[in-house]
Amino acid sequence: MARDALVFDMDGVLVDVTESYRETIVQTVLHFTGRKITRDLIQFYKNRGGWNDDWLLSQRLCADLGTYVDYQRLVEKFVELFKGNDGDGLISRERWIAQPGTLERLAERFDLGIFSGRRKWEADLTLNRFARDIRFDPAIYADDVKKLKPAPEGLLLIKELKPGQTLWYVGDVADDARCARAAGARFVGVASPACSWHKDLKQALLDEGAEAVIDDINQLEGRLLTRAARNAETEPRPSGSGA
Ligand SMILES: [Mg+2]
């Protein structure tokens, strides 16, 4: 039987970005408006859906505070804060979530992939730093699709590359769940207990069709492997069907 494909979102799933992307949003808004927003406010927008793009979200947060910022100017500042001089900016504060061995063991059972709203250069900085030995194939980024999540384009691309294989998507916001549903992929939600909206987020992910909601991807092995094994016993899939 074809192996299932396990596709990860990056931010909040493979990588803890509270001190990197989220802090970059805070500092970008601070730079243009002189006001310091809370992380909770960012999470509020993320939970609501439609704000997968941190540049657009930063622009919106500035607008909420009464300051219109030209998009190009904002992007330049954001990238400067985030990237610094070749990776020594706020990006260097991000944390790889998988414990040693977790992804290696998952790779024994699943084809691993990535579908992220990051640009390829942003993803590569992180993967080269933390996951040189892990094979994510395919890895689909913002550069590869016309429409960002919740549009299912990226997952549909992966589906085409994995005919007959069941696709799982692991994401941390409602847009990820919507994206999975639109692509006919199964979905596992991640809701970090550190997030102050933890309970609401967990419920939102379940409401959007998550088959399970875990605290972080280190819990995937237990939950997903048990479930996958049970499915394999009870519902043999017709070969050639990607559904
Ligand atoms: Mg995410």
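Colleague: What makes G84 partly exposed?

Modeller: G84 has a relative accessible area of 30%, and since a residue is buried under 20% and exposed over 50%, with partly exposed in between, the value of 30% puts G84 in the partly exposed class. Please keep in mind that this is a predicted model, and that every value we discuss is computed from it.

Colleague: Where is G84 found, and what is it in contact with?

Modeller: G84 sits in the loop between α4 and β3 (95-96), just after α4, where it takes a positive phi of about 65°. Once neighbours within four places in sequence are left aside, the contacts of G84 are V79 and G89.

Colleague: How is G87, in the loop between α4 and β3, classed?

Modeller: G87 has 21% relative accessibility, and because buried requires a value under 20%, G87 counts as partly exposed. The C-alpha atom of G87 is separated by 9.3 Å from that of T126, although the two residues are 39 residues apart along the chain.

Colleague: Why are the buried residues of α4 said to line one face of the helix?

Modeller: The buried residues are L74, V75, K77, F78, L81 and F82. Seen down the axis of α4, they fall within an arc of 165°, so they line one face. On the other side of α4, R73 and E76 are exposed, while the buried residues pack against α1 (21-33), α3 (54-64) and α6 (120-130).

Colleague: What makes D70 a cap of α4?

Modeller: A side-chain oxygen of D70 lies 3.2 Å from the backbone nitrogen of Q72; a polar contact needs such a pair within 3.5 Å, so D70 is said to cap the N-terminal end of α4.

Colleague: What puts the buried residues of α6 on one side of that helix?

Modeller: In α6 the buried residues are E122, A123, T126 and L127. They cover an arc of only 120° around the axis, which puts them on the same side of α6. The elements covering them include β2, α1, α4, β3 and β4 (111-115).

Colleague: Why is α8 called mostly covered?

Modeller: Of the ten residues of α8, seven are buried, namely A174, D175, D176, A177, C179, A180 and A183. Among the elements that cover them are α2 (39-48), α7 (153-161) and β7 (186-190).

Colleague: Which residues donate to the magnesium ion, and how do you know that they qualify?

Modeller: The protein donors are D9 (OD), D11 (O) and D172 (OD), at 2.1 to 2.2 Å from the ion; a donor atom must lie within 2.8 Å of this metal, so these atoms qualify. In sequence the donor residues are spaced D-x1-D-x160-D. D11 belongs to the loop between β1 (5-8) and β2 (15-16), and D172 to the loop between β6 (167-171) and α8 (174-183), so the pair ties together parts that are 161 residues apart in sequence.

Colleague: Are D11 and D172 buried or exposed?

Modeller: D11 has 19% relative accessibility and D172 has 11%; buried means under 20%, so D11 counts as buried, and so does D172.

Colleague: Where should the predicted coordinates not be read in detail?

Modeller: That caution applies where pLDDT is low. The protein chain averages a pLDDT of 91, and 92% of the residues score at least 70, but over residues 236-243 the pLDDT is below 50.

Key: Residues numbered from 1 in each chain as written. Predicted model: local features only at pLDDT ≥ 70, side-chain atom pairs only at ≥ 80, totals over all residues. Heavy atoms only, no water. Donors = N, O, S within 2.8 Å, 3.2 Å for Na, K, Ca; no water. Helix = DSSP H or I, 4+ residues; strand = E, 2+ residues; numbered from the N terminus. Buried < 20%, exposed > 50% of the residue type's maximum accessible area, 1.4 Å probe, protein only. Arc of directions from axis to C-beta. Contact = heavy atoms within 4.5 Å. Polar contact = N/O pair within 3.5 Å; in protein donor to acceptor, adjacent residues only side chain to side chain. pLDDT = per-residue confidence, 0-100.
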